[in-house]
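Dear colleague,

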Amino acid sequence: MIATLVADVPRRGLVLLLLLLAALVAAPLLVNDYLLTVLILILYFAYAGQAWNIMMGFAGQLSLGHALYVGLGAYTAAALFFHFGLSPWISLPLALAVSGLVGAIMGLLAFRFGVAGVYFAILTIAVAEFARIGFDHWSWVGGSAGLFVPVANYTQNDLWTLRGSPRMFYYVILALTVLALLVCRLLLKSRAGYYWQAIREDEDAARALGVNTFRYKMYAVVLSAAMTSLAGIFFAFYYNNLFPEQVFTIGRSIELILGPIIGGLGTLIGPIVGAFLITGLAEALHEAMLRIGIDVPGAKQVFYGVCLLVVVMALPHGVWPPLRRLLGLDPKTSGKGKA
Amino acid sequence: MPAEIYLNVAVNGLLTGLVYGLMALGLSVIFGVVRVVNFAHGEMMALAMYATVAAFTSLGLDPFLMLVPVAAALFVLGYALQAGVINPFINRPEHSQFMLLVAVAIILVNIQLIVFGPDARSVQTSYSFDSFQIGKLIVDASKVYAAATALLIAGALFAFFRFTILGKAIRACADNYAGALVVGLDVKRLYALTFGIGAACVGAAGVMLSLVIDVTPSLGPAYTLLAFVIVITGGLGSMPGALLGGVLVGLTEALAGLFYTPSAKGMFAFGLLVLVLLFRPQGILGKKLG
Amino acid sequence: MPALLEVDGLSKSFSGLRAVSNLTFSVGQGELAALIGPNGAGKTTCFSMIAGVIRPDAGRVHLDGRRVDGLRADQICRAGVGRTFQVVKPFAGLSVLDNVIVGALNTHRTVAGASRAADEVLDLLGLAAKRGHPAASLTLPERKRLEVARALATGPRLLLLDEVMAGLRPTEIDLMVQVLRDLNARRGITILLIEHVMRAVMALARRVIVMHHGEIIARGTPQEVTRNPAVIESYLGEEAV
């Protein structure tokens, strides 16, 4: 398995990746509290972006409603903790199952009924919106008044109930991000990974080569949904409050997918690079505006939108592919050497 | 509940639905020809509403006077957007175009937030509280005017695409991109015109809608979604479908508000969309997918 | 020669227009046959029905005695039918090797095994030097070869090749002819090809089936059918070969 993980990866890339990991592990000792919260946010988006990337980047199925799965994971774990004091780790399998099931139902209906492309994307938005309004009216989970997870005691880190300091949350999300990267790497090099990419590139051709495209698209949706709901559990216990209006809204879904799209769709490092860029940019803007003394709500977002526009127009494949070339990490394109 | 309440609510829903239909018509025209989903559609409409409100509050201009100037301004915006930003993206994958328009939407929403603030704004005309009474049926005068105008504009648009050379040329682009190129049509210019026309539609719908509802910056994203629901229900790319979808969604919202609770009306609209997608993915009046 | 592929009474109409009507033929185990005919004769429709892309209105298809019509395209591939597309469909974003690995996974349990098999196929088709290149960077003749390589990698008993010679230069055609002949002779793969390039048909096929307006108008050796007046008529009527 380890051989599969590192095969094909240029040595320099491996070294850079390990250096980055070392820096991230050491970061809480070096940075202040504010930067730590920024790093947590970056890793959260890197993890969630990786999860979304399975569906769109690997299998080519555009979901614009992934906030749905974040919300389902968040609400499942938070509600069970709130009502029964259940540890999120115990709720985890249920949260994954709920999200996976909802993803499966949506996939089953969409793929069986031939809903594809733009229509599929809009279906995912519609289901997320449906959930948003539904949760707004579901009093057991607090409805529109919100669900509050009993607040953490910052002096004591309790990994079992996920109550603790930002530093603990930082290491949890770092571990998740690393895990997601490894899982995605293994997936991409597996039968499923090859089949997903084939479906993404040309579904008819994939079928002609013996790929059961329906089944593999379902795998992608269910896996992506389940992985995303894990991000939701983190979200719920990190922020301690959940409002349907904030959790399920389309803005959240878009936030999740900016990273992988800006970073480089379908690549493994893209979601991570994208998360650093997008969140870093947003926070840097925020700081810069504060320094200059502009405190207009919306000003940051306008600039953010402009940056997004420029990146999308200038780098159609995202930042990572050209960056990879710049770092001299491109996979070899010729020669018969068996990798 | 007495029967006339249902009737009242239904008629009001139908009238609002016609304005929705005009808004969605813009989206449908753009998608039908340019094959780009305008993710900034609601934001463009909110822009038109703000322009109307601003003209009314600062200059005292009646919204109906603003109909042509605002539609023209949005035409220019749409034309520029297509010519300057979207045309280079025509052959890019869908998600790429989507990101582009999401960026435009983010910019538009936040400019509105900066300029007008987060509070709701509205137009209070002299006829704001007028109503017509026909038997036991009472309808808001504003809604009647708005719906009638929406129908008139939609009719003009049908005529434009059906009878003018330019309209026919645009339809040719939609039917056969390569063919249109071969016969020497300037496809990119026609695309820009189409986006302009779609934007003008949503602009006019915004002016009319400002008579009926308040405008806030958060209205934009919500109405982008609503426009999707409408055009997919009616059939993406079908002009009569957009009007029909608008009416259906208007009715669904109004009746859901009456029978259940107004805050959940969106759920029914989205429920309608999911049903349509699953059982008639091309929409009620749409052409077969493929 | 026992029949590997049996097509019996296959028919298909598109909005009232008969594309293929009552088509009956068989291809023997280990045979190398060609399906020819003027444009619009229904050849590709016939392939699509055998390959499970289009559901026939009527008729049956048997593969080695097993009924396969009504199966999905991927099931038919797993049953042992490899097919190429007339309009090539490379996985443009993937490398040439990865393109072929997708096909090889059809009969290989592990990616490593599929990768080795894919490399062998690339060698055979003369694409080894391009293995790491993105498929999008290939020239048309290379894409045609990739199309064959992928289909071959699925480990088929029957190869359906849809105009793999079109757009190739004479030397490239001769190369492809050689490759196909080897596959047929050494590996015993049965081949049915749709082909316009008569040079290839004459060199490869021992038996030719001629279609016109959705029906079979002649069958026999290449020499026989090219002398057949009905065949000459059908071509002259359209494009005068």
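Lining the largest cavity are Leu62(A), Leu64(A), Val118(A), Ala121(A), Ile122(A), Arg35(B), Val36(B), Val37(B), Phe39(B), Glu94(B), Gln97(B) and Phe98(B). A cavity is a set of points on a 1 Å grid over the protein atoms alone where a 1.4 Å probe fits but cannot get out, and lining residues have an atom within 4 Å of a point. Two or more of these residues come from helix 6 (118-136) of chain A and likewise from helix 4 (94-116) of chain B; helices are DSSP runs (H or I, at least four residues) numbered from the N terminus.

The model is predicted, with local features needing pLDDT of at least 70 and side-chain atom pairs pLDDT 80 or more, while totals for chains, interfaces and linings use all residues. Residues are numbered from 1 along each chain as written, chains are lettered from A and ligands numbered from 1 in written order, and side-chain values use heavy atoms, without hydrogens and water.

The volume of the largest cavity is about 110 Å³, a volume being the space filled by probe spheres set on grid points joined across faces, edges and corners. The second largest cavity, of about 70 Å³, has a lining of nine nonpolar residues, with no polar and no charged ones (nonpolar: Ala, Val, Leu, Ile, Met, Phe, Trp, Tyr, Cys and Pro; charged: Asp, Glu, Lys and Arg; polar: the others, Gly among them).

The axes of helix 3 (residues 33-58) and helix 12 (residues 250-263), both of chain A, come within 8 Å and cross at roughly 80° (axes are lines fitted to C-alpha atoms over the stretch in contact, with angles from 0 to 180 degrees between N-to-C directions; contact means heavy atoms within 4.5 Å).

Yours sincerely

Definitions and conventions: 1 Å grid on protein atoms, 1.4 Å probe; cavity = no way out; pocket = protein on both sides within 12 Å on 5 of 7 lines; lining within 4 Å.
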